[in-house]
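I opened the notebook to look up side-chain pairings.

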Amino acid sequence: MRTLLIADMHLSNDTPELNQGFYRYLEHTAKGAEDLYILGDLFDAWIGDDLLDTPHPLSGVAHEVIERLRALSDAGTSIFFIHGNRDFLIGERFINACQATLLPDSEQVELQGVAAVILHGDSLCTKDEAYMAFRAQSRHPEWQAQILAMPLEQRLELAKSLRMQSGDANANKAEAIMDVTHEEVVAMMERHGVNIMIHGHTHRPKVHDLTVEDVPAKRFVLGDWDEQHGWDIVVEHSSERHPEPVLRQFSLTNPPGFDGESHQALPKH
């Protein structure tokens, strides 16, 4: 038995090769997994589930994603989803169509016996005060209701504008501001009573060693996907040893399980 975790695919109607790579991953790598956790930013932007009723090109991508995830669920894999900073407007309709389970922004889980806290990761970037203020606003039900009441084309333009503003703002921010805050990481792990954290968002894949309540701990950061490569974390059940998460990068042309293994596990440090 194995559990897989992924994040930051950023699928869109402008990324056909990446989309196909994601479908290959679901068909060949995720097939047979006990659980698949999608830790946010499945899509580069999501402006409401009513997009599914439109002829917009992204709707076609979304329907294909739903079909692929539902097929994986039908085959026996449990699918769990956490909102990211790009797709926080994904609602019950999309989640139910995928036969997935929507989790809170952060959740304590058991991954093949490994206790961990999982999240998208943007809530850890507390030094980025401007983003944290926007995050608080955009997660408020009243704000979301106002946005979802706007005409679809207006929402699409708003999403485009927000992405451009985010890119311009990030270009002028120090790297440290856009990364997670160490104190927030430790505090969250202490609240959940775990020594393993897994998240995405920062696009800085790495396994970090730290100490939580005088106990060695690890923070696993998933990478973002591009047209050639993807990232995941795999936790394999073993009767001979205690399972440990493994962060790996792989080819989207030949993902793990597609005509043999094709991946590179990252060093633990």
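My entries follow, by topic.

**Ground rules.** I am working on a predicted model, where local features need pLDDT of at least 70, side-chain atom pairs count only at pLDDT 80 or more, and totals for chains, interfaces and linings use all residues. Residues are numbered from 1 along each chain as its sequence is written, and side-chain values use heavy atoms, with hydrogens and water left out.

**Salt bridges.** I searched the whole structure and got 12 salt bridges. The term stands for a side-chain nitrogen of Lys or Arg within 4 Å of a carboxyl oxygen of Asp or Glu.

I looked at R86 and D44. Their closest N and O atoms are 2.6 Å apart, in a salt bridge. R86 sits in the loop between β3 (78–81) and α3 (92–98), and D44 in the loop between β2 (35–38) and α2 (57–74), so the pair ties together parts that are 42 residues apart in sequence. Helices (H or I, at least four residues) and strands (E, at least two) are DSSP runs, numbered from the N terminus.

I turned to D122 and R135. This salt bridge has its closest N and O atoms 2.8 Å apart. D122 is in the loop between β6 (114–119) and α4 (129–138), while R135 is in helix α4, so the pair ties together parts 13 residues apart in sequence. Are D122 and R135 buried or exposed? I found both D122 and R135 buried.

I then took R191 and E184. Their side chains meet in a salt bridge at 3.8 Å, N to O. R191 is exposed at 57% relative accessible area. E184 is partly exposed at 23%. I also noted a network: D105, D122, R135 and R139 are joined by salt bridges that share partners.

**Aromatic pairs.** The whole-structure search gave me 11 aromatic pairs. Rings of Phe, Tyr and Trp (its six-membered ring) pair if their centres lie within 6.5 Å; planes under 30 degrees apart count as stacked, over 60 as edge-to-face and the rest as tilted.

How are the rings of F43 and F94 arranged? Their centres are 5.6 Å apart and their planes stand at 75 degrees, so I logged the pair as edge-to-face. F43 is in the loop between β2 and α2 and F94 in helix α3, 51 residues apart, so the pair links distant parts of the chain. F43 is buried at 0% relative accessible area. F94 is buried too, at 1%.

I logged W225 and F250 as edge-to-face, with 5.6 Å centre to centre and 90 degrees between the planes. W225 lies in the loop between β9 (215–221) and β10 (229–236), and F250 in strand β11 (residues 246–251), 25 residues apart. W225 counts as buried at 5% relative accessibility, and F250 at 1%. Ring pairs put W225 and F250 in a cluster with F22, Y23 and Y25.

**H199.** I located H199 in strand β7 (residues 196–199). H199 is buried, with a relative accessible area of 0%. Which side chain does H199 join in a polar contact of 2.9 Å? I found R219. A polar contact is a pair of N or O atoms within 3.5 Å; within protein, one must be able to donate a hydrogen and the other to accept it, and residues adjacent in sequence count only if both atoms are side-chain atoms.

Terms used:
Buried means under 20% relative accessible area, exposed over 50%, partly exposed in between (1.4 Å probe, protein chains only).
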